Amino acid sequence: MALLEIIVEGTPISHQTRNRAALKAWQKIVRDQAATHWNGPPRHEKMKLTVIYFHRGSKAGLDHDNMVKPIQDALNRLVYEDDRQITHAEIAQLSLDETVEVPNVTRAIVEGLARGEDFLWIQVELAPTEKERKD
């Protein structure tokens with residue numbers, strides 16, 4: 001079960017950008033959106049982070065690592081105490097200009113797709129246990 005599920009409109013900013021002000025602004029957007037959906041203190045368990053970037057065009061222009069790091073940092077001390085708690089991650093970049101198949105589609109993803117603009121779907125849940133990973 002998801003602890004947090006949000007969509008964030010726009011194009012993510014790479015962790016490698018030289019424009020640090022743009023990076024900080026992007027992280028604030030992500031954090032502010034998460035804060036509107038988060039209740040309670042940061043969690044301390046191991047976490048799984050899933051990020052899907054839905055974008056226009058055939059290529060997203062970002063690599064996975066540099067796209068997800070600012071998102072992980074934005075959720076620090078809000079959703080989880082430290083991003084080192086993320087032991088599992090799924091990251092994808094899908095073009096809105098192609099036929100997209102999303103298993104287990106959620107209402108938030110449907111809402112984002114209906115807008116027709118670039119957006120991120122971010123989900124945080126507890127990391128699967130050893131038994132769950134084997135099943």
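With which residue does Arg56 form a salt bridge? I found that the partner of Arg56 is Asp97, with the closest N and O atoms 2.7 Å apart. I took a salt bridge to be a side-chain nitrogen of Lys or Arg within 4 Å of a carboxyl oxygen of Asp or Glu.

I note that the model is predicted: local features need pLDDT of at least 70, side-chain atom pairs count only at pLDDT 80 or more, and totals for chains, interfaces and linings use all residues. Residues are numbered from 1 along each chain as its sequence is written, and side-chain values use heavy atoms, with hydrogens and water left out.

I counted 9 salt bridges by this rule. One of them joins Glu90 and Lys48 at 2.8 Å, N to O. Because Glu90 lies in strand E3 (residues 86-95) and Lys48 in strand E2, this pair ties together parts 42 residues apart in sequence; helices (H or I, at least four residues) and strands (E, at least two) are DSSP runs, numbered from the N terminus.

I then checked accessibility, where buried means under 20% relative accessible area, exposed over 50% and partly exposed in between (1.4 Å probe, protein chains only). Lys48 is buried at 18%, whereas Glu90 is partly exposed at 43%.

My search of the whole structure for aromatic pairs returned 1. Phe54 and Phe119 are stacked, 4.6 Å centre to centre with 15 degrees between the planes; rings of Phe, Tyr and Trp (its six-membered ring) pair if their centres lie within 6.5 Å, and planes under 30 degrees apart count as stacked, over 60 as edge-to-face and the rest as tilted. Phe54 is buried at 0% relative accessibility, and Phe119 is buried at 1%.
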